[in-house]
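Dear colleague,

Here is the structure I promised to send over. My notes follow below it.

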Amino acid sequence: PGILMTFDRINGPQNELIITQAVSESFSGKIPVAIDRINEKVHYEFLGRKAFLEVGTCGNEPCSRLAWQEGDYHMTVFMRSAPFELIKIAESMIR
């Protein structure tokens with residue numbers, strides 16, 4: 001079981017922000033947008049959680065994905081932006 005939420009920008013691209021929460025890590029593969037070119041993959045720690053951060057491009061724009069374990073759930077946040085805004089959103093989900 002899992003939840004996939006998508007958020008679109010007004011007058012912008014679809015799937016601007018995608019958040020998943022699932023029991024299985026493989027559920028994050030259902031995200032309808034793929035990072036075309038990954039420039040960097042790093043382990044990233046935020047608010048005491050160990051996460052995996054990918055930064056790259058989707059078409060001609062920057063995009064990022066952050067994934068971590070939260071209790072029994074696998075969390076993934078994808079955004080068509082540089083990682084700074086993405087990390088702020090992920091942190092707001094924890095607080």
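This is a predicted model: local features need pLDDT of at least 70, side-chain atom pairs count only at pLDDT 80 or more; totals for chains, interfaces and linings use all residues.

**Strand pairing and the sheet**

Strand β4 (residues 49–58) pairs with strand β5 (residues 61–70) in the antiparallel sense, over eight bridges. Helices (H or I, at least four residues) and strands (E, at least two) are DSSP runs, numbered from the N terminus. Two strands count as paired if DSSP finds at least two bridges between them.

Residues are numbered from 1 along each chain as its sequence is written, and side-chain values use heavy atoms, with hydrogens and water left out.

The whole sheet is open and has six strands. Their order is β1-β2-β6-β5-β4-β3, with antiparallel pairing. β1 (2–7) and β3 (37–46) are the edge strands, each pairing on one side only. On average, neighbouring strands are turned by 15° against each other, direction ignored. Axes are lines fitted to C-alpha atoms, for helices over the stretch in contact, and angles run from 0 to 180 degrees between N-to-C directions.

**The helix**

Helix α1 (residues 83–94) lies across β2 (17–22), β3, β4, β5 and β6 (73–79). Against β5 it runs at about 25°. Contact here means heavy atoms within 4.5 Å.

S81 sits in the loop between β6 and α1. Is S81 buried or exposed? S81 is buried, at 12% relative accessible area. The cut-offs are under 20% for buried, over 50% for exposed, and partly exposed in between (1.4 Å probe, protein chains only). Leaving out residues up to four places away in sequence, S81 touches P62, C63, S64 and L86.

**Salt bridges**

How many salt bridges does a search of the whole structure find? The search finds five. The criterion is a side-chain nitrogen of Lys or Arg within 4 Å of a carboxyl oxygen of Asp or Glu. Three of them are worth a look:

- R9 bridges to E16, with the closest N and O atoms 2.5 Å apart. R9 is partly exposed at 42% relative accessibility. E16 is buried at 9%.
- R49 and E70 meet at 2.7 Å, N to O. R49 is in strand β4 and E70 in strand β5, so this pair ties together parts that are 21 residues apart in sequence. R49 is partly exposed at 21%, and E70 is partly exposed at 26%.
- E85 and K88 meet at 3.5 Å, N to O. They are three residues apart in helix α1, and are therefore separated by about one helical turn. E85 is partly exposed, with a relative accessible area of 40%.

**Surface and backbone**

I3, M5 and F7 form a nonpolar surface patch, with about 270 Å² of accessible area together. Patches take residues with over 30% relative accessible area and no salt bridge; like charges are joined within 9 Å, nonpolar side chains (Val, Leu, Ile, Met, Phe, Trp, Tyr) within 5 Å. Areas come from the Shrake-Rupley method with a 1.4 Å probe, and for residues only the protein chains shown count as cover. F7 is in strand β1 and is partly exposed at 39%.

Last item: L47, in the loop between β3 and β4. Its phi is near 45°, a positive value in a residue other than glycine. L47 is partly exposed at 33% relative accessibility.

Best regards
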